[in-house]
Amino acid sequence: MSNQKQGEEAMVSSFNDTEHEEKEEVSKDESGFRLKSLLWHGGSVYDAWFSCASNQVAQVLLTLPYSFSQMGMLSGIILQIFYGFLGSWTAYLISVLYVEYRSRKEKENVNFKNHVIQWFEVLDGLLGPTWKAVGLAFNCTFLLFGSVIQLIACASNIYYIDDKFDKRTWTYIFGACCATTVFIPSFHNYRIWSFLGLGMTTYTAWYMTIASLVHGQVDGVTHSGPAKAVLYFTGATNILYTFGGHAVTVEIMHAMWKPQRFKYIYLLATLYVFTLTLPSAAATYWAFGDQLLTHSNAFSLLPRTGWRDAAVILMLIHQFITFGFACTPLYFVWEKVIGMHDTKSILLRALCRLPVVIPIWFFAIIFPFFGPINSAVGALLVTFTVYIIPALAHMLTYRSASARQNAVEKPPVFLPSWTAMYVLNAFIVVWVLVVGFGLGGWASMSNFIKQVDTFGLFAKCYQCPRSAAAKHH
């Protein structure tokens with residue numbers, strides 16, 4: 001027991017030495033700019049919590065009432081809680097694997113001072129190049145389409161304030177705006193943005209809740225969900241996507257001064273997010289019922305007021321932040337591919353990153369289906385990236401008795417058995433593979449193809465009122 005404790009202390013010391021070198025350097029460089037240091041250089045447990053909570057819900061907040069209309073109130077609430085805890089567990093597994101990988105590399109005297117560790121590198125170090133390739137493919141594709149969804153959401157939201165332009169034109173405009181995230185070096189520099197972002201989603205969630213209750217139920221409201229299996233599993237995969245925002249967990253951990261303290265941060269962030277998602281989705285569905293089946297963005301049904309316009313504007317700013325969150329790991333990968341990751345010049349790195357934004361912009365214009373695209377991404381990408389791969393990787397990393405004996409992180413106090421961890425991980429793999437990827441993939445792709453058939457690719461104004469859509473055509 002004492003040997004294990006000494007090993008953990010050595011690891012913590014090693015982590016701290018590496019992280020505090022950077023912290024001290026920041027302190028020296030910014031001694032004359034305390035305010036800038038306060039707002040710009042984050043690495044605390046609180047910064048990580050704000051990053052996780054802010055990044056987790058984002059624009060999905062606006063599509064959860066749509067999911068409730070597809071699957072009914074009771075299923076919507078139960079699955080939010082279920083996938084919230086499931087996502088928190090796999091985020092915990094990712095943090096354990098990161099600490100294991102980093103401690104092994106620290107023993108080999110590898111210095112990460114100018115290098116950001118990413119999930120595919122953890123998989124490579126622990127399980128080999130095949131796992132690296134799989135992790136890289138799923139993670140990058142998920143983050144790319146996660147960024148696409150933010151652009152689509154920006155265009156969808158601004159349209160409800162200013163319909164002078166169609167949604168496709170707004171996508172062009174916001175694509176240019178979001179491209180400015182190339183200037184944000186790393187997750188260290190999202191401190192103020194994460195704090196503001198969570199405030200924005202908190203306001204929007206409680207605005208949706210209160211506005212729906214004040215508005216009351218529409219005349220003849222019906223709550224027929226769940227009516228069809230295809231709709232039910234489409235809604236379920238959108239909820240799976242909601243709590244699958246930890247494709248950036250490793251990057252957030254690496255930005256911490258003490259990454260080994262990350263363990264339960266995602267769970268605490270999820271518990272707070274429940275206070276936003278459950279009341280807002282339930283209240284909006286109660287008020288508008290089946291109307292939400294053809295209105296995937298909740299803003300389209302809520303009455304036009306100054307409060308709603310404020311929520312729209314705040315969500316637009318938040319989507320810019322979330323775009324940066326999703327894109328930054330892609331920037332890191334691209335920098336490593338072209339050999340520019342160690343470059344200290346912010347301007348040079350920004351120029352090198354610009355090609356990453358172009359395909360995101362392009363896909364957002366091709367597939368402007370706000371809501372259905374969330375479910376498709378959830379079923380085909382989030383299932384593997386966020387749930388299946390971390391659970392399998394943990395099982396394989398600690399499959400041998402020696403690996404379990406020498407593990408840096410032992411099983412948690414609430415599940416103190418390796419066997420229990422294996423059973424839980426195996427359940428996650430089977431459940432998500434069958435229900436999330438299998439049934440969810442069938443349902444979400446059926447719904448997605450229906451949108452393509454109805455609106456076509458490169459649609460100018462997805463789910464716009466008929467008169468407005470005709471005007472833009």
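**Salt bridges, helix packing and a surface patch**

At 22% relative accessibility, lysine 336 counts as partly exposed. In this predicted model, the side chain of lysine 336 meets that of glutamate 121 in a salt bridge, with an N to O distance of 3.1 Å. Because glutamate 121 lies in helix α6 (residues 119–127) and lysine 336 in helix α13 (residues 306–338), the pair ties together parts that are 215 residues apart in sequence. Glutamate 121 is itself buried, with a relative accessible area of 13%.

A search of the whole structure finds nine salt bridges, among them one between the side chains of arginine 308 and aspartate 309 at 4.0 Å, N to O. Both arginine 308 and aspartate 309 are buried, and salt bridges with shared partners join Arg304, Arg308 and Asp309 into one network. Another salt bridge, at 3.7 Å from N to O, is formed by the side chains of lysine 105 and glutamate 108; here lysine 105 is partly exposed, with a relative accessible area of 23%, whereas glutamate 108 is exposed at 53%.

With regard to helix packing, the axes of helix α7 (residues 129–158) and helix α15 (residues 372–397) come within 10 Å and cross at roughly 150°, which means that α7 is roughly antiparallel to α15. The crossing of these two helices is left-handed. The C-alpha atom of proline 372 is separated by 9.7 Å from that of lysine 450, although the two residues are 78 apart along the chain; lysine 450 is found in helix α17 (residues 418–455).

On the surface, Phe183, Ile346, Leu347, Leu351 and Leu354 form a nonpolar patch with about 470 Å² of accessible area together. Of these residues, isoleucine 346 is placed in helix α14 (residues 346–366) and is partly exposed, at 44% relative accessibility.

Technical notes
Residues numbered from 1 in each chain as written. Predicted model: local features only at pLDDT ≥ 70, side-chain atom pairs only at ≥ 80, totals over all residues. Heavy atoms only, no water. Patch = residues over 30% accessible without salt bridge, like charges linked within 9 Å, V, L, I, M, F, W, Y side chains within 5 Å. Areas by Shrake-Rupley, 256 points an atom, 1.4 Å probe, with all protein chains shown as cover. Helix = DSSP H or I, 4+ residues; strand = E, 2+ residues; numbered from the N terminus. Buried < 20%, exposed > 50% of the residue type's maximum accessible area, 1.4 Å probe, protein only. Axes fitted to C-alpha atoms, helices over the stretch in contact; angles between N-to-C directions. Parallel < 35°, antiparallel > 145°, perpendicular 65-115°, else oblique. Left-handed = near helix turned anticlockwise from the far one by under 90°.
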